[in-house]
Amino acid sequence: MQDPQGHIEFFTNNSIITLGLIVIIITGALCWFAWHRSGYRKRIGLLEFLRFVLVCLVVATLNQPEWIESQPPEQRSTLAVLWDKSNSMKTQDIIDEKDTTAKRKSRAEIIQPLLSEEVWKTEEDTDLTVVFEPFSSLIDPPEEATDINAGLSHVLENYSNLRGAVLLSDGDWNVGDSPEKAATRFHMQGVPVFTVGVGSEVPLPDIELVSIDAPTYGVTKKQLRIPFVVRNTIGQDRDVNLTLSIDDKSTVTKVITVPAMGQAQDNMAWTPQETGEYTLNLRITPDIRELIPENNELSAPISIRKEQLKVLVIESYPRWEYRYLRNALERDAGVELTCLLYHPKLPQVGGGRSYIKRFPDARELSEFDVVFLGDVGISPEQLTVEHAQDLRQLVSAQAAGIVFIPGRTGGQSSLTTGPLADLYPVVIDNAKPNGFGSSVQGYFALTEPGQRSLLTRLGDTDLDNSEVWRTLPGFYWYAGIERAKIGTEILAVHDQASTISGRVPLIVTKTYGTGKVLFMGTDSAWRWRHGVEDKYHYRFWSQVARWMAYRRQMAQGEAIRLFYSPDRPHVDDILTLNANVMDNVGGPLDRGTVTVQAISPTGKTETIRLQPGVKDALGLFVGTFEPKESGNYRLVATSSETGASVQTELSVQGLNREQQGRLARFDVLDEISQITKGKLVTVDEVGTLLDHLAAIPEPEPIDKRTRIWAHPLWGGLIILLLALFWVARKMAGTI
């Protein structure tokens, strides 16, 4: 190692230098004149010399002298080789071009030979230190994600005297800051990053089961529809065989056609017969041309229980729509039906089995999961403003559903300006409050959301469903509607009639608070029974009732109900927890302490305190929870005031960030190399990097600066000389 060499540098400007020289010259002349006037006395000469030295030191201080000592780096130059050990590197998508029949290799296998010091050093690089650093992410477990920024930053912070860095990766980063951030830091320090890309940039022939969207619970004897999505990256249409297994027992099979380089969405149907906890497993039979069979299977837990929905139907006149709706719901074993029939022109309301004589009070109303509002409105003989407020509270705070089915008397027009105005999903045409009648049948036309929705699923396949809706009996009357409101979802429109806003919406849904809203723009769904009896009419209203009540059925006790959204969260999702709590007399608890204990799959417990809802959300307590583990959580909600509690299971899905089979992202690696003045190469081109590494200059010598002008010894010297000067003047008798 060479000895350090030093020199003095002044950090000043021409003005200060010029002024300093003038001061020194004038001081020197004055000192000489004073010594000459004293007859060249030795004592005076020494005093004036000391004065001159002091002035020179002050001028030198103003020019900021620094002692700069240059020394070579204390450590040998370092080359850092970072290699990706995340799960995406297990993807077997490397094909031997010379032998295409050979077994595919994984990305991790391809980079393994590069994890040797001999690959990166030449005989001339005797002073080069090669270090190997694996990286993945900072989450637990680390291999479940890729954080390139963290890997690069770790190297930069832990190794000095870097000559360069080599990054071996597929570039598929999915957590942390953008790699550009770390690359910019490398650029600022003049350290190039050479990237070696591994993996395929084009899709390999594969049939992938992308998702399975099973509900969290189901009901015995009721058919479940389990949507799924399959992707095909084989260059031709393929018939895909799927098998749905319940607790490892094969139960349902299906064959669908997935277009080339596209995807298909469909569903599997299963009717559970017994209550209990089950695991749904959906599997694709491997295709002969498929290269990645690892992504052919997905599972999801589901709870099967007995169901008893409480449904309230409110109507003015016993029109055909009401009669058949009532009959359909009454025959549903999972529905407890209650009806309120006003009969405005009769002295008393309707009576008989399942009828009530008056509108339920707030406590009684809170027991209902779904309310159907027929051709009724706010009037002296029907609903009151207080009734409308209770309905609004039921939907917004208690996760109930409300279905609007207007009629020819136009009673529901009064609901669009009262407490239910915000719930109403469409804008009524005030010029046609009684709707439109015609001697020519109108028909439903499903929108794109309607074709995907399980709510309007009347056929087993997309093709069957479209055919069913096309052939359903039509209607001769529909409500006067201008348009659907913002924030709603239109499932079906009139096939011909339109307004300035487009086709007249006939089936519209929305979410309000914690509950659901559905608008049915005709009163002729009962005609769907023509020739097929209950087949479509019953199925539709049964799906509506269960869709409306889905959240309320998640977990409920006698005095507390717990529901959450989304119902199948992933790790790190923000989960909204809602609890409806009743006080000891059966009314909504307006204030109190409600907590939820979230017990993770590994036994860790987190307590979340829920806060009271706002405005009209009486009895509703809300909080958030962020699950950090995949698997089944146990949620226990408790009210301190009432002592009531309820518990349920929460299934948390893993993020699957490192899904095998995803494409390599060479664009990310190329951007890193460009920012840092490096180069992107493939594994076969690694040899060309040695010349680039050899051309990188050794790090510049390290400059150690000492600010003389600010050093304590410098200041002490000036003070000492000033003291000597003052004493010498006194002794010379010049003071």
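Predicted model: local features only at pLDDT ≥ 70, side-chain atom pairs only at ≥ 80, totals over all residues.
Contact is taken here as heavy atoms within 4.5 Å.

Helix α5, residues 148-158, is mostly covered, with 8 of its 11 residues buried. These are I148, N149, A150, G151, L152, S153, V155 and L156. The elements against which the buried residues of α5 pack are the strands β3 (78-84), β4 (129-135), β5 (162-169) and β6 (193-197), together with the helices α6 and α13.

The axes of α5 and α6 lie 7 Å apart, and the two helices pack at an angle of about 25°. Since angles under 35 degrees count as roughly parallel, α5 is therefore roughly parallel to α6. Their crossing is left-handed. On the α5 side the contact is formed by I148, N149, L152, S153, V155, L156 and E157, and on the α6 side by P179, K181, A182, R185 and F186. By class, the residues of this contact comprise 7 nonpolar, 2 polar and 3 charged. Of the α5 residues that take part, I148, N149, L152, S153, V155 and L156 are among the buried residues of the helix.

Helix α6 (residues 179-188) also packs with helix α13 (residues 666-675), at an angle of about 20° and with 8 Å between the axes. These two helices are therefore likewise roughly parallel to each other. The crossing of α6 past α13 is right-handed. From α6, the residues P179, E180, A183, T184 and H187 meet V668, E671, I672 and I675 of α13. The contact of α6 with α13 is made up of 5 nonpolar, 2 polar and 2 charged residues. P179 takes part in the contact of α6 with α5 and also in that with α13.

The largest nonpolar core holds 73 residues, of which F372, L373, F404, M520 and W541 touch the most other members. Apart from neighbours within four places in sequence, L373 is in contact with I314, L383, L391, I402, V403, F404, I405, Q412, L415 and L420. Another core, of 32 residues, lies apart from the largest one and includes I608, L610, F625 and A637.

Strand β31 spans residues 605-612 and contains P612. With a relative accessible area of 37%, P612 is partly exposed. Outside the four places on either side in sequence, the contacts of P612 are with D590, L620 and F621. The C-alpha atoms of P612 and N580 are separated by 9.9 Å in space, the two residues being 32 residues apart in sequence.

Several backbone features occur in loops. The loop between β28 (560-565) and β29 (575-581) contains P566, and the peptide bond leading from S565 to P566 is cis, with omega near 0°. D572 is found in the loop between β28 and β29 as well. Although not a glycine, D572 has a positive phi of about 75°. D572 counts as partly exposed, at 29% relative accessibility. A positive phi, here of about 55°, is also found at M261, again not a glycine. M261 is situated in the loop between β11 (249-258) and β12 (262-270). Exposure is defined as a relative accessible area over 50%, so M261, at 52%, is exposed.

Terms used
Residues numbered from 1 in each chain as written. Heavy atoms only, no water. Axes fitted to C-alpha atoms, helices over the stretch in contact; angles between N-to-C directions. Helix = DSSP H or I, 4+ residues; strand = E, 2+ residues; numbered from the N terminus. Parallel < 35°, antiparallel > 145°, perpendicular 65-115°, else oblique. Left-handed = near helix turned anticlockwise from the far one by under 90°. Nonpolar A, V, L, I, M, F, W, Y, C, P; charged D, E, K, R; others polar. Core = buried A, V, L, I, M, F, W, Y, C linked by side-chain atoms within 4.5 Å. Buried < 20%, exposed > 50% of the residue type's maximum accessible area, 1.4 Å probe, protein only.
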